[in-house]
Amino acid sequence: MTETLTEAQPLSFEEALERYEPVMGFEVHVELNTATKMFSSAPNAFGDEPNTNVNEVCLGLPGTLPVVNGKAVESAIRLGLALNCQIAPYCRFARKQYFYPDTPKNWQTSQYDEPIAFDGHLDVELDDGEIFRVEIERAHMEEDAGKLTHAGTSGRIQGAEYSLVDYNRSGVPLIEIVTKPITGAGERAPEIARAYVSAIRDIVKALDISDARMERGNVRCDANVSLMPKGSSRFGTRSETKNVNSMRAVEHAVHYEIRRHAGILAAGGSIVQETRHWQETTRTTSSGRPKSDADDYRYFPEPDLVPVTVTEEWVAALRAELPEPPAERRRRLRQSWGYTDAEFRDVIAAGLLDAIEETVEQGAAPAVARKWWMGEISRLANARDTEPAELGVSPATIVELNGLIEQGRINDKIARQVLEHHVDGEGSPAEIVAARGLEVVSDDGALTAAVEKAMAENPDVVEKVAAGKLKAIGALIGPVMKETRGQADAGKVREIVLQKLGIEG
Amino acid sequence: MSEISRADVEHLAKLAHIAMTDAELEKMTSELGVIVDSVKQVQEAAGADVPATSHPLPLTNVFREDVVGHVFTAEESLANAPDAEDSRFKVPAILDGE
Amino acid sequence: MRPMLRTHGSKFRPSWMGSEKKMTTTPAELVRLTAAQMAAKLRAGEITAVELTQAHLDRIAAVDGTINAFLHVSAEEALETAAEVDKIRAAGGTGAQALHPLAGVPIAVKDLIVTKGQPTTAGSKMLQGWMSPYDATVVEKIRAAKLPILGKTNLDEFAMGSSTEHSAYGPTRNPWDTGRIPGGSGGGSAAAVAAFEAPLALGTDTGGSIRQPGAVTGTVGTKPTYGSVSRYGAIAMASSLDQIGPVARTVEDAALLHELIGGHDPKDSTSLPEEVPAFSEHARNHQLTGLRIGIIKQLQGEGYQAGVLARFQEALEALRSAGAEIVEVDCPSFDYALGAYYLIMPSEASSNLARYDGVRYGTRVLPEEGPLTIERVMGATRAAGFGEEVKRRIILGTYALSAGYYDAYYGSAQKIRTLIQRDFEAAFEQADVLISPTAPTVAFPLGAKLDDPLAMYLNDIATIPANLAGVPGISVPGGLSYDENEQGLPVGIQFLAPAREDARVYHAAGALEKLLQTDAEPLWAQIPELAETAGAASSSVVEGAN
């Protein structure tokens, strides 16, 4: 047998797409935010001391038995419905058997040929608003493995002297969502990859079934890529890039794999069916292990767990309580608020859709809500190195603050100060205004005196106004503000000036 | 004779993570052959239209409330560990990354 | 035809039987009482729990060097529990009234069932020294009811065997003839009860591991309906077949223990939701008129020893003359039960035993040469930690589940399971309970079948169908076998009932037990007196040994 070429210089992305059509597939693992694990009552919590969120079940001790977390099953059904899937009226768990030290029983309890949800689709929205439909093969329930730390010189699995195992994550509920092969993506394949993972994240957040924090591994993506020559409909050999854990990385990984495959194929080589690892620093993938006949998982129905049956009534009840799909919700809000596309994109990017929606629901005009959240609140959050939504400003506070402005009791500048004092914990806007004596000066005596003083000190301005250049009044407002320490109402100042000069406003 | 070869048994031993000597493989191959031949009759008796039974009693939907129960301290978790370090189980190097 | 019951061979006749009026009971007499009698004497204040427990500990010290029923004896803990019971009883009032009827009656636990504070080995080197940090649900119940736990009993490694010869800690011997096996896998529990080392014991039954030892040691053992007793804390062999059950010398005692350990457990998903019926009342109901008893055509004749069949026929006669209606039922799929069992059981076992890899607990063995990788450490650990029979079943199960063979083997076996359930359903239309010999042979000599796995597997031919279908079964003594080779060894009679109808097996077995007694003497009264070796305690029975 002659040596087959399995490595070559990657082609440019453009050249790759001139010659080949990419086919993608995704396996996304979503960690649920249940209080307990999938099959045991140990807590599902992140970041604690190793091996303290475990009991005898999580450690796979002799004699232990699993019991299904009912809430996790409900989460799986809700996610299935949100992905437009069929829900299986009857399904079972299965043991997927392989030896690995992070897997305490040396099998993973999963689902095999009877997933709880199957045959769905998800419409993902691309940057230019185009919709691309991704077909969903299945969504099934399973458990997470423990966490391995490799000790030794490299800190990586290769060359490690030994490894340490923490089973805190062992048994955390997972839902694995598997797509059907995605064809017809062409040059937009990397963008579709990112948009798909982003859409899954949005959905699980909207369903409130996962914290969906990719940096913590709450949402993990395995990306399969293969190429077929233009005009062909026969899928090529695929590679599977494991655990690509940011949306940007998913996009880059698909981009790179298309180029890598194309380079090998164009040079007459062939693709090795293997798992690959994403390298964030070089934005490339590296070879993992080849798929072999050792991958004989010997699945069989889990005898220690009884089957799950889902009635039509149960499905109907869960369907009735589903939140609006995130994509639909965004379309609706954009239309009703009248933001420009750019404004709306910025709001989403800032993660302030929920905050603004709630502020509007409580009575603020959409433009006002956007002004506060995207403006002063974001500025304050930035200065304090936190997220706007985590600053502790409630939509009701914004509505109250804006009301004070509309009533003429404070002006914009004072309002910004009030907001900062509120964030510092000084109370509600009205309380702060009262306590700090920030209400605008509207009593005529003090204000009139300030206006008279300003007019006396600026005769040239008074002259211009008297000559009919009403815009010049602005030059008097500054000195009046100074005199009243900012608490004057600009409209009132104008009124008094005009009155003094006998001009009809 | 049986359809189980020595190579099959070698592969099965690898799947099951049991190290076996040549002599053990030989013995296991012949014993397994006899057993497999004797259980083969089930294939003929099991008609295509017969449903499989995975659970002897027909229970369904046994669920647990999502309420946190007891946990172990790290010390308790590691009490029986053959080797441990930093509150974690210690294992020799892993060659084969999943 | 020989008489139904013979008293020869009985070198020991308990004095309480002959002289009821005697007020004090010697330790030798105490251990020969039934659990129900012990409980009654405790309640009446005639004996204390400490006396009773000490009598059993003394008996263990005297005879277990010969029998090797116990892998671990927990004298201190047992006496503490007994003292607690005595204290509560002495204080009287509501505390004493709230005591469980079996409080203070000692019990032995098969070493496949996990216990806090006592080692659990599963009869394997793999778990040597392992201390469970939790109690099995049945152990929690026993502790709550304050039965002193005498210790952990021997078994075939991970319950894989029919003779207890596959224990990594040496075989257990049959008290009827110490050159013979006590059955398996629960030979330790059965022998302990037969040798008067314990009045009660817990067993587990995957293919007959309670009933077949019961049969060959002349004791009673029940495999409850699947899900009747929680499996939480029973080290799994084959999850869909395993069931914990009671081991005792009388049907009533077994029923009393079943009542205590049965019932729903939220920690076991396959646990039945029902309340536990009063099995002991059924065990005391000896009225047989109108009870339809079905003989299973497939479980008699060829392969069964003549002596076994003779006792079986006598049992049928006795039942018939007491008013039962004997019918014959046809269960054609039972012919495939053994084949299906030897596919399902090893498949599930190969999976359940995957966790023993030297990472989290138990033995870790390093390879003698070559690089030190986790894969090679796992391979070496499992090679050294498991015995031959366990490895045989793991490899067989791995084969039956592997890609390309699943449908032919595991899949087909699960279909046979459906057919066997259907056979049972049809049979229970014609009969209230079914009857068969429990095992095809009496106890065979140690070593006789050790090199022939297939011959060993045949021991379970009559007990396996119940496990595959999940229905309850009991083995009750049917007298002693006498044929040209085997002289005076116990024969077991098995009753089977529909799932959730465990009460019926207690009824039928209780009635048969009564019918077969002559001069009010139970079969176990004929157990030969064992030599009480003074130095016996030095072997395996010392507290904390092994």
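Two residues are in contact if their C-beta atoms, placed from the backbone, lie within 7 Å. The legends below describe a predicted model.

**Figure 1. Contact between chain A and chain B.** By this criterion, 41 residues of chain A are in contact with 35 residues of chain B. On the side of chain A that touches chain B, at least two residues each are supplied by β2 (68-69), α2 (70-82), β10 (162-166), β15 (284-290) and β17 (308-309) of chain A. The largest share, five residues, comes from β10(A). This side of chain A divides into 22 nonpolar, twelve polar and seven charged residues.

**Figure 2. Strand pairing between chain A and chain B.** Strand β2(A) pairs with strand β1 (residues 63-64) of chain B. The pairing is in the parallel sense and extends over two bridges. Within β1(B), Phe63(B) is the bridge partner of Val68(A).

Figure 3. Ile136(A) is located in strand β8 (residues 131-143) of chain A. With 21 other C-beta atoms within 10 Å, Ile136(A) is buried, since a residue counts as buried if 20 or more such atoms lie within that distance. Not counting residues up to four places away in sequence, Ile136(A) touches Leu83(A), Cys85(A), Gly120(A), His121(A), Leu122(A), Ile177(A) and Thr179(A). One of these residues, Cys85(A), is 51 residues from Ile136(A) in sequence, and the two are 7.6 Å apart in space, C-alpha to C-alpha.

**Figure 4. Chain C as a whole.** Chain C contains 19 helices and eleven strands. Its radius of gyration is 22 Å, close to the 24 Å that the globule rule gives for 546 residues, so chain C is as compact as a globular protein of that length. Along the principal axes, the C-alpha atoms of chain C fill a box of roughly 75 × 50 × 45 Å. Of the 546 residues in chain C, 64% are buried. Among contacts in chain C between residues at least 6 apart in sequence, 77% join residues at least 24 apart.

**Figure 5. The sheet of chain C.** Eleven strands form an open sheet with mixed pairing, in the order β1-β3-β2-β4-β6-β5-β10-β11-β9-β7-β8 (chain C). The edges are taken by β1 (70-73) and β8 (325-329) of chain C; each has a single partner strand, so one side of each is left without a neighbour in the sheet. On average, neighbouring strands of this sheet are turned by 30° against each other, direction ignored. Strand β9 (residues 433-437) of chain C pairs with strand β11 (residues 487-496) of chain C in the antiparallel sense, over four bridges. Leu434(C) stands opposite Leu496(C) in β11(C).

**Figure 6. Helices packed on the sheet of chain C.** Helix α8 (residues 187-194) of chain C lies across β1, β2 (107-110), β3 (149-153), β4 (200-204), β5 (220-223) and β6 (244-248) of chain C. This helix runs at about 160° to β4(C). Helix α10 (residues 251-261) of chain C also packs on the sheet, where it touches β4, β5, β6 and β10 (473-482) of chain C. The direction of α10(C) makes about 150° with that of β6(C).

**Figure 7. Contact between chain C and chain B.** Here 55 residues of chain C are in contact with 44 residues of chain B. Two or more residues each come from α13 (337-352), α14 (374-385), α15 (388-401), α16 (407-430) and α17 (453-457) of chain C. The largest share, eleven residues, is given by α16(C). By class, the side of chain C that touches chain B has 29 nonpolar, 17 polar and nine charged residues.

Note on methods:
Residues numbered from 1 in each chain as written. Chains lettered and ligands numbered in written order. Predicted model: local features only at pLDDT ≥ 70, side-chain atom pairs only at ≥ 80, totals over all residues. Rg over C-alpha atoms; globule rule 2.2 N^0.38 Å. Buried ≥ 20, exposed ≤ 12 C-beta atoms within 10 Å, placed from the backbone. Nonpolar A, V, L, I, M, F, W, Y, C, P; charged D, E, K, R; others polar. Pairing = 2+ DSSP bridges. Axes fitted to C-alpha atoms, helices over the stretch in contact; angles between N-to-C directions.
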